[in-house]
Amino acid sequence: MSSNIILTGIKPTGDPHLGNYLGAILPALDMARQNANEKKYFFIADYHALTTVKNKQELLEYRHKIAATWLSFFEGIDHCYFYFQSQIPEIFELYWILSCFCPKGLLNRAHAYKALVAKNIDQGYDPDRHINHGVFSYPVLMAADILLFHANKIPIGPDQKQHVEIAIEIVKNLNKIMDKKIPLPEPIIDTSNNLVIGIDGQKMSKNYNNTLPIFSDEKELKKRIGKIQTDSTPLGEPLNPDNCNIFKLFSYIASTDEIANLKQEYQSGTIGYGHAKKYLLSAYKSYFESKKNKYDAYMANKASLEHALNTSSKSVKEIANAHLKDIKMAIGILA
Ligand code: ADP
Ligand code: TRP
């Protein structure tokens, strides 16, 4: 019988944001509800974060924030496992094994690494300036995250698609020597939202400081929304909804009727961008309100958060151990 094993991770590199929600959390929630009896793995990719975060306090804080986010959205759904990647050392053993089944050329062609090299060359520097090996081998660790649990449904944003494709190439190589074949993972991408834009109109990302955090307090959220870039159409003139970052951000979270109403107000010239930002603030607050209470409770009680993750990670470790053993037997590390 074929089963759906769902798995996804978020790097603790900043406050979880609307892009993470629409790209990864919401599709994962939909899949989790449709697959009530299957195993679902939601983790905090803390060693992936180490490629960029080198500050102890920051990493500790962001780890908690991502953990609290997973728990607030998924608690109460059966068969969900939550854990820090760093709690499962088996992932790192598999990472090395997979490195030896991964053609280096695959990694040379990975978008994230290639973009950093291209930027260095553009600026006249050595191609590998300031690029650590973790950035280069990042896709192999991600393959280990996925393959160790035989996960076959991977809800992610479109920017992560290539990483899952690399995992597929790696597992095809490994499977040549495996008696029990490991399933090929499939990226699950919600194409309706594509890449969610940030307050500057570029891809929303913690790296670009252009996010709308899912759970910030009202003052901070208002400040962020206040910074959304717009054109300089004066008040009283019609606004173009198709070319407006506020309208786009509103459309992600508002109902069809609300979107149609705002569009009508834009076109009639009865509102300005300041009003539109107020609508967005209010829609955003109510969209995440019920989850924010849970999130705040977890952030205020870190002991309960740690307890939930420690309990869950014990079962994860058992599964990880059994699957790693099969691989070690296939490659000749265990008899
Ligand atoms: P960030 O780019 O902010 O560091 P992560 O790399 O931790 O975000 O992404 C976690 C998940 O959220 C991934 O599945 C990623 O594809 C998704 N994601 C991040 N930003 C966006 C976005 N702007 N639009 C859609 N999905 C996104
Ligand atoms: N690389 C992903 C990101 O930056 C996070 C991640 C790590 C992940 N391991 C994963 C996502 C495994 C899905 C499956 O967003």
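Select ligand 2: in this predicted model, ligand 2 sits in the largest pocket. Strand 1 (6-10) and helix 7 are the elements that give two or more residues to the shell around ligand 2.

Now show the residues around ligand 2. There are 14 of them, and the closest are His48, Tyr138, Met142, Asp145 and Gln160. Divided by class, this shell has 8 nonpolar, 4 polar and 2 charged residues.

For tyrosine 138, a polar side-chain atom lies 2.7 Å from a nitrogen atom of ligand 2. For aspartate 145, an N or O atom of the side chain is 2.7 Å from a nitrogen atom of ligand 2. For glutamine 160, the distance from a side-chain N or O atom to a nitrogen atom of ligand 2 is 2.9 Å. How much of ligand 2 does the protein bury? Taken alone, ligand 2 exposes 360 Å², and the protein buries 92% of that.

Move to ligand 1. Ligand 1 sits in the largest pocket. Its shell holds 19 residues, and the closest are His17, Gly157, Asp159, Met204 and Lys206. Which element gives the most to this shell? Select residues 18-34: this is helix 1, which gives the most, with 4 residues. By class, the shell around ligand 1 is made up of 6 nonpolar, 9 polar and 4 charged residues.

The side chain of histidine 17 has an N or O atom 2.7 Å from an oxygen atom of ligand 1. In asparagine 20, a polar side-chain atom lies 3.2 Å from an oxygen atom of ligand 1.

The structure holds 20 aromatic pairs. For one of them, select tyrosine 83 and phenylalanine 149: the ring centres are 5.9 Å apart and the planes stand at 50 degrees, so the pair is tilted. Where in the chain do tyrosine 83 and phenylalanine 149 lie? Tyrosine 83 is in strand 3 (residues 80-84), while phenylalanine 149 is in the loop between helix 7 (133-147) and strand 4 (153-155). The pair therefore ties together parts that are 66 residues apart in sequence.

Technical notes:
Residues numbered from 1 in each chain as written. Chains lettered and ligands numbered in written order. Predicted model: local features only at pLDDT ≥ 70, side-chain atom pairs only at ≥ 80, totals over all residues. Heavy atoms only, no water. Near = heavy atom within 4 Å. Polar contact = N/O pair within 3.5 Å; in protein donor to acceptor, adjacent residues only side chain to side chain. 1 Å grid on protein atoms, 1.4 Å probe; cavity = no way out; pocket = protein on both sides within 12 Å on 5 of 7 lines; lining within 4 Å. Sits in = over half its atoms within 2 Å of the grid points. Nonpolar A, V, L, I, M, F, W, Y, C, P; charged D, E, K, R; others polar. Phe/Tyr/Trp six-rings, centres within 6.5 Å; stacked < 30°, edge-to-face > 60°. Areas by Shrake-Rupley, 256 points an atom, 1.4 Å probe, with all protein chains shown as cover.
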